[in-house]
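Q: I'd like a close look at one part of this protein, please. Could you walk me through it slowly, as I'm new to this?

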Amino acid sequence: MERFSSAGMLMSINQAASTMVHEENGTVICVEKCLVTSIIEYAETLLKDLPEIYGVTHMRTTVRFAENIETTEAVNRDLCVISAALHDVGLIEGCDFEHETVDDNHGVRSAVIARTYLNKSGGMEDEAIDIVCTSMAQHCFPGTQTTIYAKILWDCDKLNMFKDTMVDRYLHHWQQMGMTRENAVKRIERAREYYRETFFTEYAQNMAQRYRVGCARKTVNHNQHDK
Ligand SMILES: [Fe+2]
Ligand SMILES: [Fe+2]
């Protein structure tokens with residue numbers, strides 16, 4: 001299996017896209033694409049029993065944002081996608097969000113699980129594995145992202161809070177946990193206000209702005225419906 005090269009890791013998005021195919025005996029083979037796909041499948045296997053807002057649905061939404069992220073800095077999009085796919089797998093070991101710390105949280109545990117898997121499965125150089133694992137370990141607390149990849153993961157992860165289909169799931173989940181709809185809506189709004197201030201990329205800021213309109217309308221509809 002072809003490996004991510006050190007030189008290839010910091011190429012621009014367009015250049016990275018061109019490495020998605022590998023020519024061999026006249027046949028175009030999507031080597032890296034297969035690796036990314038198998039990593040996403042592995043993440044799905046781990047996350048399948050978690051609630052949608054932390055599990056497979058959240059992971060797929062985060063991956064989709066990572067596939068489409070735009071940034072002024074040169075990044076390898078595959079590494080963004082791999083970070084997005086594996087960033088919450090640490091939740092399979094259980095999680096007490098209230099008591100997480102910068103050094104001990106589900107992102108740190110995700111990085112440990114991911115490193116073990118990626119080392120064993122092959123196909124990525126140590127430097128590439130370090131990049132994705134650092135991103136995962138830094139995705140839980142604001143202001144701790146030290147790399148462009150960690151910043152992109154922060155944005156892709158938190159953008160879930162702005163996507164209508166995910167908002168429905170958050171509201172449903174929190175109501176099932178005993179929260180009133182009114183408080184669940186307020187929680188969404190507070191989170192959005194907060195995340196809007198923390199986004200690193202213009203892409204995330206624009207997406208947040210775009211989804212804001214849809215949600216505001218939806219929230220009003222929900223409240224009217226409840227009366
Ligand atoms: Fe997380
Ligand atoms: Fe997440």
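Which residues in helix 4 meet which residues in helix 5?

A: Happy to go through it. Keep in mind that this is a predicted model.

Let's start with the contact itself. On the helix 4 side you'll find Met 59, Thr 62, Val 63, Ala 66 and Glu 67, and they meet Arg 77, Cys 80, Val 81, Ala 84 and Ala 85 of helix 5. Sorted by class, this contact has seven nonpolar residues, one polar residue and two charged ones.

Now for how the two helices lie. Helix 4 covers residues 56–68 and helix 5 covers residues 77–86; their axes are 8 Å apart and the packing angle is about 165°. An angle over 145 degrees counts as roughly antiparallel, and helix 4 and helix 5 are therefore roughly antiparallel to each other. As for the handedness, helix 4 passes helix 5 in a right-handed crossing.

For a second pair to set beside this one, look at helix 6 (residues 106–121) and helix 7 (residues 126–137). Their axes come within 7 Å and cross at roughly 160°, which makes helix 6 roughly antiparallel to helix 7. Here, too, the crossing is right-handed. From helix 6, the residues taking part are Gly 107, Val 108, Ser 110, Ala 111, Ala 114, Arg 115, Leu 118 and Asn 119, and they meet Ile 129, Val 132, Cys 133, Met 136 and Ala 137 in helix 7. By class, that contact has nine nonpolar, three polar and one charged residues.

Phe 162 has 24 C-beta neighbours inside 10 Å, so it counts as buried, the cut-off being 20 or more. Ala 208 is 46 residues away along the chain, yet its C-alpha atom is 5.9 Å from that of Phe 162. Leaving out neighbours within four places in sequence, Phe 162 is in contact with Arg 192, Met 207, Ala 208 and Tyr 211.

Finally, a word on confidence. The chain has a mean pLDDT of 84, and 79% of its residues reach 70 or more. Among the elements, helix 8 (residues 148–158) has the highest mean pLDDT, 98, while strand 2 (residues 27–29) has the lowest, 32. The pLDDT is below 50 over residues 1–31, a stretch with 45 contacts in the model beyond near neighbours in sequence. It is also below 50 over residues 222–227, where the model has three such contacts.

Key. Residues numbered from 1 in each chain as written. Chains lettered and ligands numbered in written order. Predicted model: local features only at pLDDT ≥ 70, side-chain atom pairs only at ≥ 80, totals over all residues. Axes fitted to C-alpha atoms, helices over the stretch in contact; angles between N-to-C directions. Helix = DSSP H or I, 4+ residues; strand = E, 2+ residues; numbered from the N terminus. Parallel < 35°, antiparallel > 145°, perpendicular 65-115°, else oblique. Left-handed = near helix turned anticlockwise from the far one by under 90°. Contact = placed C-beta atoms within 7 Å. Nonpolar A, V, L, I, M, F, W, Y, C, P; charged D, E, K, R; others polar. pLDDT = per-residue confidence, 0-100. Buried ≥ 20, exposed ≤ 12 C-beta atoms within 10 Å, placed from the backbone.
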